[in-house]
Amino acid sequence: LKQYYPHAFHLRGRNGEPIYYECPSKINLPALKSAGLTLDHLLHHYALVTEFMWTHLSPYQEGPASRGITVLDLDGMRLRDFAGE
């Protein structure tokens with residue numbers, strides 16, 4: 001999944017928040033589909049990634065470290081890419 005859908009946690013913010021990077025413009029949809037992955041699989045994976053962050057990387061209930069930062073790298077995307085198939 002990672003080779004066709006680049007995403008990762010890397011470092012922390014100023015206040016200790018985990019930083020999650022995602023590159024939607026580099027998603028290889030034909031390869032994901034040929035591997036048998038559906039939108040439901042991707043949503044389930046996103047839920048697992050989020051749960052991993054809350055459970056292991058930032059298990060705090062309050063304070064700045066209880067938050068997360070998401071960075072979306074949209075380099076190479078066009079407005080029509082947001083329309084879907």
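Student: In which sense do S2 and S3 pair, and over how many bridges?

Tutor: This is a predicted model. In it, S2 and S3 pair in the parallel sense, over four bridges.

Student: And which residue of S3 is the bridge partner of Tyr21?

Tutor: Val71 is the bridge partner of Tyr21 in S3. Tyr21 itself belongs to strand S2, residues 18-22.

Student: OK, what about S1 and S2, parallel or antiparallel?

Tutor: Antiparallel, again with four bridges; S1 covers residues 7-12. Pro18 in S2 is the bridge partner of Arg12. The hairpin of S1 and S2 has five residues between the strands, and Gly16 there takes a positive phi near 90°.

Student: What is the strand order in the sheet?

Tutor: The order is S1-S2-S3, in an open sheet of three strands with mixed pairing. S1 and S3 (69-72) are at the edges with a single partner strand each, so one side of each has no neighbour in the sheet. On average, neighbouring strands are turned by 25° against each other, direction ignored.

Student: Which helix lies across S1 and S2?

Tutor: Helix H2, residues 39-57, and it runs at about 20° to S1.

Student: Back to Tyr21. Which residues form a nonpolar surface patch with Tyr21?

Tutor: Ile69 and Val71; the three together have about 200 Å² of accessible area.

Student: Why is Tyr21 called partly exposed?

Tutor: Because the relative accessible area of Tyr21 is 32%, and partly exposed is the class between under 20% for buried and over 50% for exposed.

Key. Residues are numbered from 1 along each chain as its sequence is written. This is a predicted model: local features need pLDDT of at least 70, side-chain atom pairs count only at pLDDT 80 or more; totals for chains, interfaces and linings use all residues. Side-chain values use heavy atoms; hydrogens and water are left out. Patches are made of residues with over 30% relative accessible area and no salt bridge: like charges are joined within 9 Å, nonpolar side chains (Val, Leu, Ile, Met, Phe, Trp, Tyr) within 5 Å. Accessible areas come from the Shrake-Rupley method with a 1.4 Å probe; for residues, only the protein chains shown count as cover. A salt bridge is a side-chain nitrogen of Lys or Arg within 4 Å of a carboxyl oxygen of Asp or Glu. Helices (H or I, at least four residues) and strands (E, at least two) are DSSP runs, numbered from the N terminus. Buried means under 20% relative accessible area, exposed over 50%, partly exposed in between (1.4 Å probe, protein chains only). Two strands pair if DSSP finds at least two bridges between them. Axes are lines fitted to C-alpha atoms, for helices over the stretch in contact, and angles run from 0 to 180 degrees between N-to-C directions. Contact means heavy atoms within 4.5 Å.
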